[in-house]
Every structure is written in structure tokens, then in C-alpha cells.
Amino acid sequence: MTGTEPHKTQQPKHKRNLTRRKVIVAGGAAVAAVGVGGGVAATANAGQTTGTGKGATAKAAGSAAEECYKLTSETTEGPYYIDADKIRRDITEDKEGIPMTLRIKVIDSESCKPIRNAAVDIWHCDALGIYSGYEDASTGGGGGGTPPSGTPSDVPSGTPTGSPPEGGGGGGGGVHEEPTDDERYLRGTWRTDKQGFVTFKTIFPGWYRGRCVHIHTKVHVGGEWTDAGYEGGNTCHTGQFFFDEESVLASAEVEPYSTSTTERTTLEEDTIYDQSGTTGGLLKLKYKKGDIAEGVIGTITVGVDPEATNTGTGDSVQPGASASASAS
């Protein structure tokens, strides 16, 4: 299946949610820059709460210092990370879904200064819950299809033994799953500019069993941009971006999201989102009310510690400790 073919309607076999340690972005050739249509919504700092009305500006100015000293929450890498071989801003590859512009600002959480030339990865499932590279492994919610009939054979008997499987597909614990195919849609890496901004063109993600709607991200610093991509440095942040319930419910009325047969996990029910708002990765979303299909702009500021190593695999290294990074 290519990135431009219609989505499979049969739900793939579920696999455990697993993670691995991969630090470096490598390979791929740069592609033409993609413009941001329709303007960009105001960006909120990590942990920031915006205000309106008289006094809002003064309040924002007075609390700016303490807001910027908040690290954005670290989360698990998930099983479906692939060291980026797509150095690009437009990661859509003609996948069907609500157009989305994602604008991320990366800052040093201690100094509040923007971090330039960082490599930012994002990856997420398509409108029906499938991850590229793992079309036969990720737990999508394809619409339609014919349910099985008859009585199952070879039903296991007795009491199950051992520990239950971990995770819920794409966001829980465990180790990394190796890719099962060569597709790479809805994955990409790009560098931050001198103001710390990076912008991606993608689609509004769908959902799959056990997880709310989300986008994965990594921030790499201290490396070098070459003709082949990005090499060296350390992964200072591994996180996820989340979507408010109102926006997700609006997206669920639009095809192909509306054809999904998978039960959706809400933001409050999700086991990865820490319920801390922007600090936890909650995006600020802007779209035309009543017509989300026209497109969505998502913005967020990510506060990181550039001296830390946070791979999202449980072996993070704090500043001052030794950490090694190898190209892949």
C-alpha cells in the first residue's frame, strides 16, 4: 500500500506498545519549504494560561518569567518511532484528512531563549489510526469491513499465566518495534529557525485503541546539519502533543474520521497525558467553528533542558552525566 492509496478497511492485528532507544536523526534530502496558509495563531508558552479583557496583557507580562521556567512533560517514545529519514516540513504525502499546520517553538526552559538549529521530529497515525512503517502492526480503526462470522475455533482454555501485555499501541511502555513496511507518511524532521520556530504541514490525526488523539515529537540539539540530514548531538526532549475534546469531537464528524469503528479514548482517560495543559503538551488549536474540515492551526511552545538527554525509553540522562549518541 502506498501513501496515496485508499486506507485498508480491515483492522490490523494489535501489538503491544513498545519502545527503544534511538537518538539521532539521519539521512534524507531536504525538500522545498511549505508556506503557512491562513496565518498562525498566537503561540502559548509551556505552562502558559492566556487571559482576556482588561489587565490580561499586564498579567501575561508579569508571569512570563515563571511560565518559561517550566519544562514540557517528557513522555514515552512509543513503539513506532523511526529515526527520521525524511527531512521535510510537509509530511502529508496526500493522506486524506483535515489539513493541519503545526507550529512549534523550542525554548531553553531556564534562560527562556529560543533554541535555533534544533532538529524536531514529529510522527503520528493517519485519520484511521494507522502508523506508516507499521501498517500491519498498528491498531487502526478502519471503517466498514465485514465482521467475522461463525464460532471461533481453537479457543484457549484454562487460566492465563504471566504478566499482562504493556501499553495501548503507540504510547505506552516496552521496547521499540521494528518497521514492517517502507511507508513513511506523516513523519518528518525539520530545523528550528533563529526564533526557535519550526512549522510542519500535516493532517489532524485520528485515534486508535487505548489512546487519545496525539502527535509524537522529539527535539535533538548539539548536532550538525549536513547534506545527508542531522548528525550527532543528544535528544533533549521526547514528548507528545494532545488535542482538546471539542476539537476531536468536531473532527469525528468529518470523513474519513467518521468511518472509524474504533472506540475512542478521551483526553481525561488517556494514560500518557498528565492533565497539566500546555506543559503536558496540550496544543492551542485555531479553526473555523462549524467547519473544522477547512483546516486547523496548532501552536505550542516546548520548554526543554538542552543539556539533558530524554530518549523516552526509560534511560534518560541528566545534565552532568555521561551520554553517548550514535548515528543510525
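Is Cys 112 buried, partly exposed or exposed? At 27% relative accessibility, Cys 112 counts as partly exposed, where buried means under 20% relative accessible area, exposed means over 50% and partly exposed lies in between (1.4 Å probe, protein chains only). Welcome to the close-ups.

This is a predicted model, in which local features need pLDDT of at least 70, side-chain atom pairs count only at pLDDT 80 or more, and totals for chains, interfaces and linings use all residues. Residues are numbered from 1 along each chain as its sequence is written, and side-chain values use heavy atoms, with hydrogens and water left out.

**View 1. Cys 112 and Asn 117 lie in the loop between strand 1 and strand 2.** Helices (H or I, at least four residues) and strands (E, at least two) are DSSP runs, numbered from the N terminus. Strand 2 covers 119-123. Cys 112 is not a glycine, yet has a positive phi of about 70°. Asn 117, also a residue other than glycine, has a positive phi near 65°. With 34% relative accessibility, Asn 117 counts as partly exposed.

**View 2. Cysteines without a disulfide.** A disulfide is a covalent bond between the sulfur atoms of two cysteines. Here the term needs a pair of cysteine sulfur atoms within 2.5 Å, and by this rule the count is zero.

View 3. Strand 1 (residues 99-108) runs antiparallel to strand 4, and seven bridges join the two. For a residue to start from, take Lys 105, whose bridge partner in strand 4 is Phe 197. The ring of Phe 197 also has a charge over it: the charged end of Arg 103 sits 3.9 Å from the ring centre. The rule for this is that NZ of Lys or CZ of Arg is within 6 Å of the ring centre and within 35 degrees of the ring normal.

**View 4. Strand 5 and strand 6 form a hairpin with two residues between them.** Strand 5 (residues 214-226) pairs with strand 6 in the antiparallel sense over 12 bridges. Val 219 has His 237 of strand 6 as its bridge partner. Strand 6 is mostly covered, with 11 of its 14 residues buried. Thr 235 is found in strand 6 (residues 229-242) and is buried, with a relative accessible area of 0%. Its side chain makes a polar contact with the side chain of His 220 at 3.0 Å. Such a contact is a pair of N or O atoms within 3.5 Å; within protein, one must be able to donate a hydrogen and the other to accept it, and residues adjacent in sequence count only if both atoms are side-chain atoms. Elsewhere, Lys 218 lies over the face of Tyr 81, at 4.8 Å from the ring centre.

**View 5. Tyr 131 and Tyr 208 form an edge-to-face aromatic pair.** Rings of Phe, Tyr and Trp (its six-membered ring) pair if their centres lie within 6.5 Å; planes under 30 degrees apart count as stacked, over 60 as edge-to-face and the rest as tilted. A search of the whole structure finds eight aromatic pairs. In this one, the rings are 5.6 Å apart centre to centre, with 70° between the planes. Tyr 131 lies in the loop between strand 2 and strand 3 (187-191) and Tyr 208 in the loop between strand 4 and strand 5, so the pair ties together parts that are 77 residues apart in sequence. Tyr 131 is buried, with a relative accessible area of 1%, and Tyr 208 is buried with a relative accessible area of 1%. Tyr 80, Tyr 131, Tyr 134 and Tyr 208 form one aromatic cluster.

Note on methods:
Pairing = 2+ DSSP bridges.
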